Every structure is written in structure tokens, then in C-alpha cells.
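Visitor: I would like to go through this protein one element at a time. Please take my questions in turn.

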Amino acid sequence: MRTEKRLVWDSLVSVYGGEGHLAEAVASLRQSLQEETVEPTADLAAALELYAKYAAGWRPEF
């Protein structure tokens with residue numbers, strides 16, 4: 001069995017009102033991590049890496 005993490009990209013974009021707004025939210029999160037107002041976790045780091053891949057146009061194979 002193989003597992004793969006994925007984002008529900010279209011839903012995220014819809015909830016945030018577009019890719020630009022989602023990018024702003026991610027930038028704010030990254031700033032909070034730098035300022036240490038948000039605790040870094042392995043899951044959060046993985047989600048941010050995955051976000052970067054999706055934002056660059058990558059999509060998982062089905």
C-alpha cells in the first residue's frame with residue numbers, strides 16, 4: 001500500500017477567493033513561522049512544501 005499527501009487545491013482556491021488570496025494567506029503563515037508566533041511542525045512543513053508544488057502547477061497523477 002502506498003500513501004500520498006494531496007491538497008484539495010480547487011477547494012482551497014475557492015475558499016480563499018482565488019490563488020492570489022491563498023498565496024497571501026500562505027505568505028502570512030510563513031511570516032508567522034519566522035516570527036515564531038506559530039509553532040512549526042512536520043505536518044505544517046510538509047503542507048507548505050506541497051503548496052509550493054501545487055502553486056507551481058504540479059498536480060498528482062491519478
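Visitor: Which residues of H2 are buried?

Guide: This is a predicted model, in which local features need pLDDT of at least 70 and side-chain atom pairs count only at pLDDT 80 or more, while totals for chains, interfaces and linings use all residues. Residues are numbered from 1 along each chain as its sequence is written, and side-chain values use heavy atoms, with hydrogens and water left out. Helices (H or I, at least four residues) and strands (E, at least two) are DSSP runs, numbered from the N terminus; buried means under 20% relative accessible area, exposed over 50%, and partly exposed in between, with a 1.4 Å probe and protein chains only. By that rule the buried residues of H2 are Leu22, Val26 and Ser32.

Visitor: Within what arc do the buried residues of H2 fall?

Guide: The buried residues of H2 are Leu22, Val26 and Ser32. The arc is that of the directions from the helix axis to the C-beta atoms. Seen down the axis of H2, these residues line one face of the helix, because they fall within an arc of 115°.

Visitor: Which residues are exposed on the other side of H2?

Guide: The buried residues of H2 are covered by parts that include H1 and H3. On the other side of H2, the exposed residues are Glu24 and Gln34.

Visitor: What is the relative accessible area of Ser32, and which residues does it touch?

Guide: Ser32 is found in helix H2. Ser32 counts as buried because its relative accessible area is 18%. Contact means heavy atoms within 4.5 Å. Leaving out residues up to four places away in sequence, Ser32 touches Thr37 and Val38.

Visitor: How far does H3 reach from its first C-alpha to its last?

Guide: H3 covers residues 42-55 and has 14 residues. The expected span of a helix is 1.5 Å times one less than its number of residues. For H3 the expected value is 20 Å, and the reach is close to it, at 20 Å.

Visitor: Which residues of H3 are buried, and within what arc?

Guide: Leu44, Leu48, Leu50, Tyr51 and Tyr54 are buried in H3. Seen down the axis of H3, they line one face of the helix, because they fall within an arc of 165°.

Visitor: What covers the buried residues of H3, and which exposed residues are on the face turned away?

Guide: The cover over the buried residues of H3 includes helix H1 (9-16) and helix H2 (19-34). The face of H3 turned away from its buried side carries two exposed residues, Ala42 and Glu49.

Visitor: At what angle do H2 and H3 pack, and how far apart are their axes?

Guide: Two packed helices are described by the angle between their axes and the distance between the axes. Axes are lines fitted to C-alpha atoms, for helices over the stretch in contact, and angles run from 0 to 180 degrees between N-to-C directions. For H2 and H3 the angle is about 145°, and the axes are 12 Å apart.

Visitor: How do the residues of the contact of H2 with H3 divide?

Guide: Leu22, Ala23, Val26, Leu29, Arg30 and Leu33 in H2 meet Leu44, Leu48, Tyr51 and Ala52 in H3. Ala, Val, Leu, Ile, Met, Phe, Trp, Tyr, Cys and Pro count as nonpolar, Asp, Glu, Lys and Arg as charged, and the others, Gly among them, as polar. The contact of H2 with H3 therefore divides into 9 nonpolar, no polar and 1 charged.

Visitor: Which residues does Arg59 touch?

Guide: Arg59 lies in the segment after H3 and is partly exposed, with a relative accessible area of 37%. The C-alpha atoms of Arg59 and Leu7 are 9.3 Å apart, although 52 residues separate the two along the chain. Not counting residues up to four places away in sequence, Arg59 touches Trp9 and Tyr54.

Visitor: What percentage of the residues of the protein count as buried?

Guide: The protein has 3 helices and 0 strands, and from the N terminus its elements run α-α-α. Its C-alpha atoms fill a box of roughly 40 × 30 × 20 Å, taken along the principal axes. Of its 62 residues, the share that count as buried is 19%.
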